[in-house]
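Please keep the sequence and the model in view while working through the numbered points.

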Amino acid sequence: HRVLILLWKYKALLNMECSEEDIYTITGYDLDWKLVGRRLLNDQKVRDIDREGSSEREKRDMMLLEWKRTKSRDATYQALVKVLRAIENNAAADCVEELERKRKPQGPA
């Protein structure tokens with residue numbers, strides 16, 4: 001049973017959902033929200049957000065919050081990192097990984 005529990009915890013850590021607090025931190029990063037949004041959502045949703053948002057920052061917020069709302073458990077740090085690496089925004093990907101590291105529970109010392 002101990003092995004199964006450890007495997008479950010490891011899987012949970014690899015698939016940590018982005019916290020809403022971190023989403024607001026991430027929207028402060030320099031990222032092409034439309035390019036990221038097309039990979040996380042779809043073209044129509046990106047167009048809707050572009051029409052509804054008043055500033056680039058607000059559009060980034062809306063895009064990431066919509067991703068979290070619609071993808072739920074699949075809206076993980078690693079899913080976002082994968083997209084950021086695919087579009088070669090390694091600086092933002094590194095920052096997201098650092099946020100994830102800070103959120104992971106620390107094991108016994």
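1. Helix 3 and helix 6 cross in a right-handed manner; a crossing is left-handed if the near helix is turned anticlockwise from the far one by less than a right angle, and right-handed if clockwise. Helices here are DSSP runs of H or I with at least four residues, strands are runs of E with at least two, and both are numbered from the N terminus.

2. Basis of the note. The model is predicted, so local features need pLDDT of at least 70 and side-chain atom pairs count only at pLDDT 80 or more, while totals for chains, interfaces and linings use all residues. Residues are numbered from 1 along each chain as its sequence is written, and side-chain values use heavy atoms, with hydrogens and water left out.

3. Geometry of helix 3 with helix 6. Helix 3 spans residues 33–40 and helix 6 spans residues 77–86; their axes lie 10 Å apart, and the packing angle is about 125°. Axes are lines fitted to C-alpha atoms, for helices over the stretch in contact, and angles run from 0 to 180 degrees between N-to-C directions. Helix 3 is therefore oblique to helix 6. In this scheme, angles under 35 degrees count as roughly parallel, over 145 as roughly antiparallel, 65 to 115 as roughly perpendicular and the rest as oblique.

4. Residues of that contact. Helix 3 contributes V36, R39 and L40, and helix 6 contributes L80, V83, L84 and A86, where contact means heavy atoms within 4.5 Å. By class, this contact of helix 3 with helix 6 holds 6 nonpolar, no polar and 1 charged residues. The nonpolar class is Ala, Val, Leu, Ile, Met, Phe, Trp, Tyr, Cys and Pro; Asp, Glu, Lys and Arg are charged, and the others, Gly among them, are polar.

5. The loop residue I87. I87 is placed in the loop between helix 6 and helix 7. Leaving aside residues up to four places away in sequence, I87 touches L35, V36 and R39. The C-alpha atoms of I87 and L31 are separated by 9.7 Å, and these residues are 56 apart along the chain.

6. The chain as a whole. How many helices and strands are there in the chain? The chain has 7 helices and 0 strands, and its pattern along the sequence reads α-α-α-α-α-α-α. Of its 109 residues, 38% count as buried; buried means under 20% relative accessible area, exposed over 50%, and partly exposed in between, with a 1.4 Å probe and protein chains only. Among contacts between residues at least 6 apart in sequence, 65% join residues at least 24 apart.

7. Helix 4 and its two partners. With helix 3, helix 4 packs at an angle of about 140°, the axes being 8 Å apart, and the crossing is right-handed. W33, K34, G37 and R38 of helix 3 make this contact with D43, V46, I49 and D50 of helix 4; the classes are 3 nonpolar, 1 polar and 4 charged. The axes of helix 4 (residues 43–52) and helix 5 (residues 56–71) come within 9 Å and cross at roughly 145°, again with a right-handed crossing. Here K45, I49, D50 and E52 in helix 4 meet K59, M62, M63 and E66 in helix 5, a contact of 3 nonpolar, no polar and 5 charged residues.

8. Positive phi values. S72, in the loop between helix 5 and helix 6, has a phi near 50°, which is positive in a residue other than glycine. S72 is partly exposed, with a relative accessible area of 38%. E88 has a positive phi of about 65° although it is not a glycine. The loop between helix 6 and helix 7 (90–103) holds E88, and E88 counts as exposed at 69% relative accessibility.

9. Where is E17 found? E17 lies in the loop between helix 1 (2–14) and helix 2 (20–26), and its relative accessibility of 29% counts as partly exposed. E17 and T76 are 59 residues apart in sequence, yet 4.1 Å apart in space from C-alpha to C-alpha. Not counting residues up to four places away in sequence, E17 touches K68, S72, R73, A75, T76 and Y77.
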